Structure formats: structure tokens, C-alpha cells
Amino acid sequence: MRVASEMDHKAVFTALEKVCEDNISVLCGPSESPYGTVTKRLVQCIRKIQQHGRALEPMVASFTAVYHHYDFDSQTPGNGYRTLVKVVQSCLLHVIHKGRYIASNYRGAFFRAEHNASEMEAYCSALCQLRALLYLAQRLIHDIDHGQLYMQQDADLSGRFVQEYSSMHKACFYGRCLGFQFSPALRPFLQTIVISMVSYGEMYGKQQSGIGTAALSLLTSGKYVIDPDLRGAEFERITQNLDLRFWKSFWNVTESDILSGFTRIASNPVQVNLTLTVPPAGLRLPLASDPRLTTTVSPPVAHWGPGPVHMRLISYELREGQ
């Protein structure tokens, strides 16, 4: 598994280097550029991406060599270091795809130079921040015990890590690059959530009720649909500056009578929508290996001791035994 992963990342970086060279060759060709300053932006951006790629390759190689030590066990190949490498590779694949498109269509009549330059600049910014994250992760691996995912009683290391993470620019991950690491089918949903949140955040605190803020947010959301860069910057501002009351207000908007009534009209109703409470009592369940034997499952324990678990059961259909 480790050899296959190493080959994967080597192939990705080889493809990235080739795409960068191809683009520089096309953009800096002997013929006059049809896009002027936009072409210069593209060349500068691609050179930066090339630099990031060359710096990232040895870092990713060092992680792929050791991140298996941080798995839960040999049958569960997953931890934060693996995830970070996967996210970096996903970002690189998007850059490679976009770079190949630019190299093939740059001279075409319908090539949108400004749009493609903005896209590449956004992914270049994302690569820059991912490079910084990998650097922080390298420091963590170096400073904590081998094979341990978490810091043990090291407040100074935790403080330095939080301080460096807080200084990073995260707007690029919520603009044009939103959800690049997920399935394409999930991105429209993520865009809807982020656009709703930044629109609501712009109106929040302007002496409006929750539903009034929501109504005004619908009127201002258009600019965040048109301008992804503005959306990312506003999302970063909201997440860093607004308090817990904003988040409670935003997520509770969907519980208002007006919006609930609208969703009942515009959406298909579900057959099951129940609020349940599981009491803090232990359960005795039969063992799968031997049903004659049982084991006790203790109730969940929070900071203040055992307590009931509140949940909601939602199902489009009522099924037998549900």
C-alpha cells in the first residue's frame, strides 16, 4: 500500500511539472499574446505553482513514508496526516486539469482568459496555504512522540500551533476552490450553505429579527454567487469575528414558521420526523459471536456525567420496524 501511494504522488508531481512547462511554453510563445496583462498574470501564477509543486514533493514523500505509523491499526488506514496528503493531491489534480485546458484552448476564440487566470490564482493560493499546513504537520510529527496523533500536556506547542493556524489566510478555500476535495455532486450544496451564511452574516446585527435578516439576505446573496472571491473573504471574516449568537441565529432560521411553511410547500414532506430522547441507562446486548452471552453498553458520559441523548429521526418513508 505504501509503495502504491508513493508511485501515485510521484506521478502527480511529474504531471504537474509537465503541465507547468507546457503552459509557460504556450503563454510565452513567439507570437504576440492576445490577452496582454492577463497572460502575464497567468505566467506568474503558473511559475508560483511550479515552485510550490517542487517544494511540496519532498514534503509529501516524507509523509507517505511515515503516516502509516499513525493509523488506528493495519486494517484502518486513516489519520489526519493521510487526509492532508490526499487534500494536497486533490488540489494538484485540479491544477493539472485546469492547466491542460489552458494549454489546449489558449488560442481558441471562446477562451475566457480573465476567468481562467482567476481560477489558477485561486488554486495557487490554496496550494500556498496547504504547503503551510504541511509545514505545521511536519513540526507536529517532529515534536510529539512517535506514532502519537495528539500532544500530551504540551501547552506551549498547542499555543504555537493555534497561533500559526490562525494567521493563515483561509478565504481561498471558500471561494473558487470551495469543496475541491469532495465529490462534484456535493459542491452545489456546500456553495448554497456558504452563500447563505455570508449573506446572513452581512445583515446580522442590523436591528432586524431573525426572519427579517433572512429575507434581506436573499436580496444580497446574488453578489456572492457572482463573485466567489468576495464570498471567500466574507466567509473568513465571519468565522473569525462573529460570536456564538450568530451561529445559533443562523441555524435556527430554518426552524421559523415562515420558512418551515415554505419548505412544506416547495419540498416533498417526509413520513417520519420525530424528536426522541434516549435515557442515560445501560443496555445489554447479545454478542454477535455467541448470542447466548451479553455485554453491557454504558450510557454516554459528558463533562457533567451521564445524561440523556436528544436526537431527531427523519426518514422519507416509514419502514417496517423503524
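The model is predicted: local features need pLDDT of at least 70, side-chain atom pairs count only at pLDDT 80 or more, and totals for chains, interfaces and linings use all residues. Residues are numbered from 1 along each chain as its sequence is written, and side-chain values use heavy atoms, with hydrogens and water left out.

**Helix pairs**

Helices (H or I, at least four residues) and strands (E, at least two) are DSSP runs, numbered from the N terminus. Axes are lines fitted to C-alpha atoms, for helices over the stretch in contact, and angles run from 0 to 180 degrees between N-to-C directions.

| Helix pair | Axes come within | Crossing angle |
|---|---|---|
| helix 2 (residues 37-66) and helix 4 (residues 113-143) | 9 Å | roughly 25° |
| helix 2 and helix 3 (residues 80-105) | 11 Å | roughly 150° |
| helix 6 (residues 187-203) and helix 10 (residues 244-252) | 11 Å | roughly 120° |

Helix 2 and helix 4 cross at roughly 25°, which makes them roughly parallel (angles under 35 degrees).

With helix 3, helix 2 crosses at roughly 150°, so the two are roughly antiparallel (over 145 degrees). That crossing is left-handed. Helix 6 passes helix 10 in a right-handed crossing (clockwise).

**Salt bridge and patch**

The whole structure holds ten salt bridges (a side-chain nitrogen of Lys or Arg within 4 Å of a carboxyl oxygen of Asp or Glu). One of them joins the side chains of Arg54 and Glu21 (3.8 Å, N to O). Arg54 lies in helix 2 and Glu21 in helix 1 (residues 2-27), so the pair ties together parts that are 33 residues apart in sequence.

Leu274, Leu276, Val278 and Met311 make a nonpolar surface patch of about 310 Å². Patch residues have over 30% relative accessible area and no salt bridge, with nonpolar side chains (Val, Leu, Ile, Met, Phe, Trp, Tyr) joined within 5 Å and like charges within 9 Å. Accessible areas come from the Shrake-Rupley method with a 1.4 Å probe. Strand 1 (residues 272-278) gives the most to the patch, with three residues, while Met311 is in strand 6 (residues 309-315).

Key:
Parallel < 35°, antiparallel > 145°, perpendicular 65-115°, else oblique.
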